[in-house]
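Please read it with the sequence and the structure at hand.

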Amino acid sequence: MAIACPSLSYPIRTKLRHSSKPDSIFILSIRMRHSNITSPTRTPEGTADSAAVYRVPDLDSEEIERISEQTAERCSCQGLQRIGKGTAIVWFRNDLRVLDNEALYQAWTGSESVLPVYCLDPRLFGTTHFFGFQKTGGLRAQFILECLADLKRNLRKRGLDLLVQNGKPEEILPTLAESIEAHTVYAHKETCTEELNVERLVKNGLRRVMLPSSSGQSNPNLQLIWGHTMYHLNDLPFDTGSLPNIYTQFRKSVESNCTVRDCIKIPASLGPAPSSIKEWGFVPSVDQLRLQQQEVSKGMKFLGGESAALSRVYEYFWKKDLLRVYKHTRNGLVGPDYSTKFSPWLASGCLSPRLVYKEVKRYEKQRQANESTYWVLFELIWRDYFRFLSIKCGNSLFQLGGPRKVESQWSQDRNLFESWRDGRTGFVDQHRLR
């Protein structure tokens, strides 16, 4: 799991070597090692078909839209009131959703108008410090762009839009804050070095912005909000410096002492946006990002966006009724339905882990509660644990010896590495490449 590449900076999905073997719902939403989103597959009859491609979720656009609207109704509230003045900015990062988005909610309540912004940071599409690996490949880029397009649509439904800007956040956000006289930039807080460095640069940039004296403050604030885990950071029975080094100790402690917070209710209308914004920008194509377009030739093709994420929850829990057998099937190697496949949407923030918790509890109330329904939450606690562990351990999570500084002799044979990377070492590679 640990690699000597502390500069890697975007979400990864990986499995932990543990007897409980968390499946694809488990995400180390900390760093990205692979740039392509693909997975094993299976024919509808259950026999392996290495040439098949499956769309996830496997629903048509009308059904996806219907499910998204129904879920939004359950997660919205009509009676909410604004208490703030002026203009606020929402800086979208790895939280590409409207529902259960506390940064968006606080920006709305604390202002009279909201400007949602996403920065296409060139560092996201660059290469790693070590070895020069591409951080974002064509498939992952396509997924991110689909997430942005869906976020734009969902914001428009609520009276806003998404301003898409090319450039570094520390350059774009202070300029926008100055031009629209925004008093606060709201964003979800990250935990790892590169993201923290960007937060620091944005904060420094905002300090150089002078607001009018009538605003009552000298500079715009950067308000960072915790929102990537099922259990809230502030509800843990210990500080992160005292986080147990063993997962089971962590799990038993939070299950005994913590409660999962309710999802943040979002108003039906989030508008208005600042009247001075005339051009909202557009979501580019993969080619416009100067990346090579890739097609999924086998395995699964994930559809990006909050609407697709909500539809996958519906498809797996309710339509196919697979939640009841999750624990028994989760260790499968082929097929789209042996596990939840929530990982890409959790990593990009299209899907809130608290919303998944809420849907599990709704399923348990309306259908059945068993070991499988609990096990989905068990896996989400794994995910929480590693997010919190990244605060405690910092870059050591990604260094060769890991947090325990274990000394290992690793081969430096480039040919062997490329054989492993390309799936040319033996039979096991066939499963990894699908």
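1. The model discussed here is predicted. In it, helix α4 (residues 169-180) packs with helix α5 (residues 193-207), their axes 8 Å apart and at an angle of about 30°. Angles under 35 degrees count as roughly parallel, and α4 and α5 are therefore roughly parallel to each other. The crossing in which α4 passes α5 is right-handed.

2. Which residues bring α4 and α5 together? From α4 come Pro169, Glu170, Leu173, Pro174 and Ala177, and these meet Val198, Leu201, Val202, Gly205 and Leu206 of α5. By class, this contact between α4 and α5 holds 8 nonpolar residues, 1 polar and 1 charged.

3. A second pair is formed by helix α1 (residues 61-74) and helix α7 (residues 306-319), which pack at an angle of about 90° with axes 8 Å apart. That angle makes α1 roughly perpendicular to α7. On the α1 side the contact involves Glu63, Ile64, Arg66, Ile67, Ser68 and Thr71, while α7 supplies Ser307, Ala308, Leu310, Ser311, Tyr314 and Lys319. Here the residues comprise 5 nonpolar, 4 polar and 3 charged.

4. The largest nonpolar core has 87 residues, and those touching the most other members are Tyr118, Leu155, Phe250, Phe317, Trp345 and Leu351. Helix α11 (residues 371-393) contributes the most to this core, namely 12 residues. Another core, of 20 residues, lies apart from it and includes Val117, Ala182, Ala187 and Leu222.

5. Trp345 deserves a separate look. Beyond its neighbours within four places in sequence, Trp345 is in contact with residues including Val56, Pro57, Phe143, Phe302, Ala308, Arg312 and Leu351.

Notes
Residues are numbered from 1 along each chain as its sequence is written. This is a predicted model: local features need pLDDT of at least 70, side-chain atom pairs count only at pLDDT 80 or more; totals for chains, interfaces and linings use all residues. Side-chain values use heavy atoms; hydrogens and water are left out. A nonpolar core is a set of buried Ala, Val, Leu, Ile, Met, Phe, Trp, Tyr and Cys residues joined through side-chain atoms within 4.5 Å. Buried means under 20% relative accessible area, exposed over 50%, partly exposed in between (1.4 Å probe, protein chains only). Helices (H or I, at least four residues) and strands (E, at least two) are DSSP runs, numbered from the N terminus. Contact means heavy atoms within 4.5 Å. Axes are lines fitted to C-alpha atoms, for helices over the stretch in contact, and angles run from 0 to 180 degrees between N-to-C directions. Angles under 35 degrees count as roughly parallel, over 145 as roughly antiparallel, 65 to 115 as roughly perpendicular and the rest as oblique. A crossing is left-handed if the near helix is turned anticlockwise from the far one by less than a right angle, and right-handed if clockwise. Ala, Val, Leu, Ile, Met, Phe, Trp, Tyr, Cys and Pro count as nonpolar, Asp, Glu, Lys and Arg as charged, and the others, Gly among them, as polar.
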